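Student: Could we go through this model together, one question at a time?

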Amino acid sequence: VSAASDTAIVAPESLATLFAPTPATASGSASPPWPNRLDGISLEVRDSAGATRLAPLTFVSPTRISFQVPAGTAPGEATLAVASDRGTSQTGSMQVDAVAPGLFMVSRENFVPAATAVRVEPNGTQVPIPVFSCSGASCMPESIPLSAAGNRPVYLSFFGTGFRGANSGNV
């Protein structure tokens with residue numbers, strides 16, 4: 001599924017998560033550039049054109065692999081195989097489209113997107129503006145006071161995946 005939206009459609013170079021038993025005995029994560037092997041685990045992606053590529057891995061655990069869909073993965077159904085020193089096992093499949101946009105959320109329950117905002121002062125100073133607040137495990141969106149910004153620009157940034165192949169014809 002898409003790591004951002006939990007939808008069953010992903011795009012080449014988007015972030016995705018496979019929920020399945022793995023041979024991993026512990027959890028491990030990596031920073032970019034992501035490796036093709038993490039804690040003894042690799043993920044093979046065989047696309048609809050028959051090409052097999054190793055996926056860059058961001059996280060592995062005994063029940064989950066988070067990865068980047070390999071660049072060049074052809075649209076259509078792709079199969080996934082988990083490889084380790086113990087061998088390779090077919091694990092599942094995923095639907096690949098040219099574009100599969102998804103926004104990361106701080107709270108899915110309250111529809112709070114992972115986002116940041118800054119107001120730029122005339123001297124170039126950037127002033128952070130809260131876009132959400134959290135209390136315990138609950139997060140809620142915050143209003144962005146545009147009227148208080150006057151003529152100073154406010155920049156709002158969202159975090160997402162699956163947009164790389166976007167153009168005016170498909171988004």
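This is a predicted model: local features need pLDDT of at least 70, side-chain atom pairs count only at pLDDT 80 or more; totals for chains, interfaces and linings use all residues.

Tutor: Residues are numbered from 1 along each chain as its sequence is written, and side-chain values use heavy atoms, with hydrogens and water left out.

Student: What is the handedness of the disulfide formed by Cys 134 and Cys 139?

Tutor: A disulfide is taken here as a pair of cysteine sulfur atoms within 2.5 Å, and the sulfur atoms of Cys 134 and Cys 139 lie 2.0 Å apart. Because the torsion about their S-S bond is about 105°, the disulfide is right-handed.

Student: Is Cys 139 buried or exposed?

Tutor: Buried means under 20% relative accessible area, exposed over 50%, and partly exposed in between, with a 1.4 Å probe and protein chains only. Cys 134, at 42% relative accessibility, therefore counts as partly exposed. Cys 139 has a relative accessible area of 7%, so Cys 139 is buried.

Student: Which residue in the turn between E13 and E14 has a positive phi?

Tutor: Strands are DSSP runs (E, at least two residues) numbered from the N terminus, and two of them pair if DSSP finds at least two bridges between them. Strand E13 (residues 115-120) and strand E14 (residues 126-129) pair in the antiparallel sense over 4 bridges, with Ala 117 opposite Ile 129. They form a hairpin with 5 residues between them, and the residue with a positive phi, about 95°, is Gly 124.
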